[in-house]
Structure formats: structure tokens, C-alpha cells
Amino acid sequence: MTFEIALVLGILAISLVLFISEVIRMDVVALLVLGALAVTGLVDSNQAFAGFSNSAVITVWAMFILSEGLTRTGIADIIGRQVMRLAGRREIAMITVIMITGAVLSAFMNNIGVAALMLPVVVEVARRTRIAPSRLLMPLAYSTLLGGLMTLIGTPPNLLISESMVLNGYEPFELFDFTPLGGIVMVVGVAFVALAGRFMLPKTRAARDKHVSQRSLRSRYKLQERTFMLRVPTDSILVGKTLAESRIGTSTGLIILSLFRNGRSETLPGRQIVLRAGDGLLVQGRVDQFRELRRWSDLVIEREAPVLKSMVASKVMYAAVTISDSSPVVSELVRHAAFRTRFDVAVVGIMRRGSYRLTNLTYMPIKAGDRVLVQGEIDAIAQLEKFSDFSAVEICTEEELAEYHPSERMFVVRLPKHSSLAEETLAKSRLADVFDFRLLAVFRDGELKVMPRGDEVLLGGDLLLIEGQHSDLDVLRGLQELEIDTKVPANVTPFESERLTLMDATLDPRSSLAGRTVGELNFRERYGIELAGIWREGETVGTELADERLQIGDALLLLGPRDRLQLLSSDSDFLILTPLGQEPPDTRRAPLAAAIMLAVVLAVMAGYAPISVAAVIGGTIMVLTGCLNMEQAYRAIDWRAIFLIAGMLPLGTAMQETGAAEYLANQVMDLLGDAGPWPVIMGLYILTAMATMIIPTAALVVLMSPIVLSAMGDLNVAPETAMMAVAMAASASFTSPISHPANILVMGPGGYRFVDYLKVGVPLTIVVFITVMVLLPILWPLVPV
């Protein structure tokens, strides 16, 4: 083994670890691989960036645009009507028609795009036919993978396999070279799922009509057991305050569904509604969490404690830090940035529009260049300049703090001897999140502890120096006064009203909301609705929805006025699963979009243009003819996939040129070579199929192609047969939700768990493997060279 081979294999091993661990995004890993290969001289600069001009990469992004054009012109609505007409109401017929439809579309469109296009259609078909969505959605996802096997443009691995052959001096696969083998595999796969696989699919109760659908959503997300009534007493401190000032919603994560007053109700009342004595508030959330917060009203304000304030003031300093572009805290919320843990300081304000914002900091995202006001002990402030997270650190003088008024915001409270808060840690408190309180010091038995950490245990009799607003303690007492009634009368539920509606949705595969927390997104402010629940891996998740990061495949329960929810149907971040009577899409350009796609296919078949050129021209014509606009075209491209493929292609080149591919092929040959070429091909197929569970398929094909070519060269046979086998193995990613984005997409809406994919996916993978191995000698016999 030469040094260059060892270096390439080292880079390969590190990239695989990063892919599997997901510590770094896959596209970033690919770019790191590209940079490492260029810096070490394993590839030159032209080879390093050749992936971005590679015809396979160009074809992939052009096909994203063509797929989006077909979607935007209302093909989904046409398909839905045809599926209903052809399949009737029998489950076996429905599965068959859905899978064949998804497979045929995926032969010419992007797999993920077809899954996203068909998902709302299948959910609506399930509702009308009273078949559980869990019986139809996994077959839909698998059909897009099976359909991708049928043509060169059906899936990126096929294109990359063909391109790899071109780069190594072989003839590329033609558009329909995959069709005989892929078509039979598709038919066998559909037959298996429809006849046998469906008995392994989970059964969940199907929604029958609009009202049952609403009730089933409440039951699925356990809303009814988390709905209760709060009543405002006559002499409450909260009387005369707005809902925003009361912090009833923000303090406990409760959603205020309705306000009842004088026999009338107002659904989803505005934040500026003023509370009156006797008001009833129907809320949804955790009553135990609400009671937990109310315990803090035990605190007693000690009006005069100047000595304690001065003692703490002499030990605490303030500084203004500027966040650097490279800091890991960029894009993090204040509560998740962990300034206290990382830098031993607390965030007390962020500069916005020329002045410091001092309240409601919890869910503010931190931006590069932000000027953040922090507070800490003198030693901790002095250490801030050592952190690369900050491009500038300025110690604040008393004059600069005049706007902040730190002395006026400090007050001392006493924890009563027998308080229920005694013997508990600060970490269990939500005061910093809710009221922007910061515990500066604890005075106990003559000792002063400044800036205590979250594991500090509170004791009865402690004096606590808190920084915040005095008025917030009154609000806290107001929460204590609210009367709780967990038995909600049936006649006050707002869920059946026309004004307040529940809607099931999921994130579009290209959604910009994936990875962001619910609190950061603030659904109420952004959309005028509430996120009432998240369904993930077969169960509701999170007791603190605000802290949950949204993921592709999550099913989201949205709550709000019907007109607001209907607006989401045109929002590209969401796929709507519950019909609310939206206007049907405009399908007038559907024939035009279909004609353009057909022209692309015919041009390639006739040899008028390479597939990359035909696809780019077709996408451009779709934009010119109004099937979609340029912004929609840009958004349709999955840039993460493009950068992943372009970044990993130089690794394939390096493996080929340094001999690393031949070295790995020799290891395979030492293990299986004596048995002949077919066992080697079977081994490569099984290795590829297993690797799809942990490695992105596009990256996997780039890595496997040079190994397959070297192995076939050692066996003195043409590589077409083995390359076809690897292409089939890479695209048949059935065994887990993470094997392919289409599998993840249906996970939440179908209510699937990880094990459900194993129950159906493993047998289907075995069936496909047997089918491919039986057909390869017939359709792609080995040719000696």
C-alpha cells in the first residue's frame, strides 16, 4: 500500500464516519472531502471542481426543475382523480394503482418530488375510501424507489453510474437501458407489496369524514387530555392586563383556544385582549407544567437590601461582545446558545435597531455581527477576549449602562422556609426563559455566591438577588390566583367550530424550516396559527414544543382559523394533508408541461441531444412558458444533493488514479474471486445494499464505481453487468427511513416507526435481490474482454 492510497483511504474513512454520525451536514462533509483532496495534491484544481460541470450533476439539477414544473401545473390533481377512478375502494387495488402511478412518474421525475406530489393525494384518497394512511403511504414511498430503477434519469445513482463509465472509457448507458431489468423489478416489487407486504404494514384507524377526522386528530395528538379551563378571579392582579402582559401563554407553553365572557366566546383571542374578572380561558397544554411555574409565587420581595446589592455590584461586570461570522452560536436561539456554559456569562440584552432589547430574549436567534450585552463575574468577563466567537469585546462603563439601569432592575427576594421550591435546583426553573429573570447571587448563612449555576440547590430562607422587572413578580402572583378546572364541559370545545380548525401537515422535503425550533419560528406571529402537536416515529414528541427542532417527516398538527390554515396550501414549506376546501390547482398548463417532458425524452431517444443538454433546455422552456417562475426553479433544486454529489466525485477520481480502487477491489477478489464473477457481483450488490442504510446513495455510487470497475478488470469481463447490479442495489433503499428521503417524508403522516420499515423493507430487498440476480444473466450476460 502506497502513501497516496493510505491517504485516500484515510479521507474515505473519515468521510464515512462523518456521514454515519451526522455530526456535520452531508453536503459540508462532501466539500471538506473536496478541499482535503485538493490540498493534499491527490487531485489538481481542475479535477477538484470538475464535479460542478459534470454532465450527471447538471442533469440532476435540471430534472429537479422539470419535476417542479410538472408539479406546479397541477399534475397531482389529475393523478388523484385517476387513482380514485381506477382503484375503487379495495385496498389491494388501491396499493397497486398508487404504486404503479408513483413508479411510472418516478421513471421520469425526481423520486422525492413524486413522493411530495403524491403524498397529499394519497392521504385524501385514504380519507375518502376509509383506508388507513399507514396502509398506503409506505407503498407510495417504495414505488418511487422502484420507479427510479427503470430509466437513466429515474434516480441520480443511475446517472452517476453511467457517467463513471464514460470517464473510464466505456460506452454510457442509454436512457432506456435500465428499463427491461428495472421494469420487471418494479412489477415484482409492486406485486410483492400488494399481495404479501401489505399484511406487514401497521394498521391505524382511518378517518371517515370531516368531523371524525377532526376528532381523530385530537385523539392522535392527545389534545383532549391536555385541554383545561382557567378562570380569572374577581380580585386578581391580572384584571386589566392584556393577554400578552399576563404571560399566560408564553410562561407555560399553553395555547389559549378561546376566551369566554358573559356567555360569549372568542376563538384564538388576540394578545392585546384585556382580561376582566370572571373571564374563562380554554387552554391546551400541560397542567402540571403550569402548576410547576406557579410555585415561584412563594417568593417574598425584600424591599430594602442595599448592602447585598452593593456587594454583588462589586463582583459583577457588563461587557458588549460582537458575534463573529464563524461563531457556532450564529443562528442559535439565545436559550440554546449556552452562554452560561460556554463563556460563564449571561445574556442580558441584544442590540436591535439602535437600542438594546432586554425582554423576551429566549427565542431570539443570534446573528453574525450582533452586539450582545453580557453579564458575569470580573474574571469571566476578562476571559472573553480569548474566545474566537467574538470579534470585539468592550467593557461597559457606568455611562454606557445608563440606558440599561442595572441598579433599578435588581431586587432581592426571600425563599420561605417551607416553600415547595426548597431542595430543588435552579435548572428546573423556567423563570429566565419566561420572565427574563437572572439570578445574580444567593445569600445563605452569611455567605454570598455570585452567578450560581443551574445545579445550585435552593434552600428555605435563601436570599436571592434577581435582575429583572418588579412587575413580572406581580404577574407571577396573578398566575397563582388563576383557578384551574380540568373538567371541560363538552359544550365549550372550540374544535368543531368553523372558525377554529385542526389541520395535519408535514414539511416539504426542501423546506427551509427543517432544523429550526418551534419557538424560533413563532407560528402565532408568522402565520396567525398555533402548532399544537408533532407526531414523529409513531408517537407524539416533546413536552416542550418550543424546544423541538422540526424534522423532515414530522407530521404537524396546526390549529387556527380556517382562512389562515388555507393560506398554507400555497406555502412552499408545507405539504397539507388535511383538506380544507382549497381551490383546485390551475391545470391549464399541465398538458404543456407534459409535452415539454415528453419532448426531452424523445430528443434523448432520437440522439438529438445528450440528456444533460435536453434537460436544461426543457427546464428553461418550462420557465419561459410559465409552468413555473425562476424563483420556483431555484427553490426546486435540492442544492444539498448537488453539492454532495459534486463534492464526492473528486474522491472517485482520486481512488482511481492513486490505485486505492484497485487495492479495495483486490480485497474483494481475495475474498470472492476464486468463486468466479457472479459471486463477486453478488457480493458487491449486497455490500452496496447494506451501505444504503448509512451512506447517502449518491455518495455511495461514487465510491463503489471505481471499485466495481477495477474488480471487473481483474476478472477480465466487461463492467456493464456489475455496474447495472450496483445501480439497482443503490436505488433499492427500502430497509430504513434514513435510507432515502422519500421514506422519511411519509414517516410522520403514516405514523410509522423504525421497525415498520424493517418488517416490509427487508423482505422487499431480498425479493428485489433475487429478481435482479435471476434476470442479470439473461438481460445483461457477462462479456469477456
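What share of the contacts in the protein with a separation of 6 or more comes from residues 24 or more positions apart? The share is 79%, where contact means heavy atoms within 4.5 Å. This is a predicted model: local features need pLDDT of at least 70, side-chain atom pairs count only at pLDDT 80 or more, and totals for chains, interfaces and linings use all residues. Residues are numbered from 1 along each chain as its sequence is written, and side-chain values use heavy atoms, with hydrogens and water left out.

**Overall make-up**

- The protein has 34 helices and 20 strands. These are DSSP runs numbered from the N terminus: helices are H or I with at least four residues, strands are E with at least two.
- Of the 785 residues, 56% are buried. Buried means under 20% relative accessible area, exposed means over 50%, and partly exposed lies in between (1.4 Å probe, protein chains only).
- Areas come from the Shrake-Rupley method with a 1.4 Å probe; for residues, only the protein chains shown count as cover.

- Helix α34 has 26 residues and reaches 35 Å from its first C-alpha to its last. That is close to the expected 38 Å at 1.5 Å a residue, the expected span being 1.5 Å times one less than the number of residues.
- The helix bends by about 30 degrees at Gly-761. A proline, Pro-763, follows within four residues. The bend is the angle between axes fitted to the seven residues ending at a position and the seven starting there.
- Ile-766 sits in α34, which covers residues 754-779. Ile-766 counts as partly exposed because its relative accessibility is 46%.
- Ile-766 belongs to a nonpolar surface patch with Ile-738, Phe-754, Val-755, Leu-758, Val-762, Ile-770 and Val-774. Together they have about 640 Å² of accessible area.
- Patch residues have over 30% relative accessible area and no salt bridge; like charges are joined within 9 Å, nonpolar side chains (Val, Leu, Ile, Met, Phe, Trp, Tyr) within 5 Å.

**Salt bridges**

- The count is 14 salt bridges, each a side-chain nitrogen of Lys or Arg within 4 Å of a carboxyl oxygen of Asp or Glu.
- Arg-549 and Glu-332 pair at 3.3 Å, N to O. They are 217 residues apart and link distant parts of the chain. Arg-549 is in the loop between β18 (539-540) and β19 (555-561), Glu-332 in the loop between β6 (316-323) and α16 (334-337).
- Arg-549 is partly exposed, at 34% relative accessibility.
- Arg-444 pairs with Glu-456, with the closest N and O atoms 3.6 Å apart. Arg-444 lies in strand β12 (residues 438-444), and Glu-456 in the loop between β13 (447-450) and β14 (463-467).
- Glu-456 is buried at 9% relative accessibility, whereas Arg-444 is partly exposed at 22%.
- Glu-456 also bridges to Lys-449, at 2.8 Å between the closest N and O atoms. Shared partners join Arg-444, Lys-449, Glu-456 and Asp-462 into one network.

**Two further sites**

- Asn-111 is in helix α7 (residues 111-129). Asn-111 counts as buried because its relative accessibility is 3%.
- Beyond neighbours within four places in sequence, Asn-111 is in contact with residues including Ser-106, Thr-144, Pro-156 and His-740.
- Lys-417 lies in the loop between β11 (410-414) and α19 (431-435). Lys-417 is exposed, with a relative accessible area of 64%.
- Not counting residues up to four places away in sequence, Lys-417 touches Gly-460 and Gly-461. The C-alpha atoms of Lys-417 and Gly-461 are separated by 5.0 Å, although the two are 44 residues apart along the chain.
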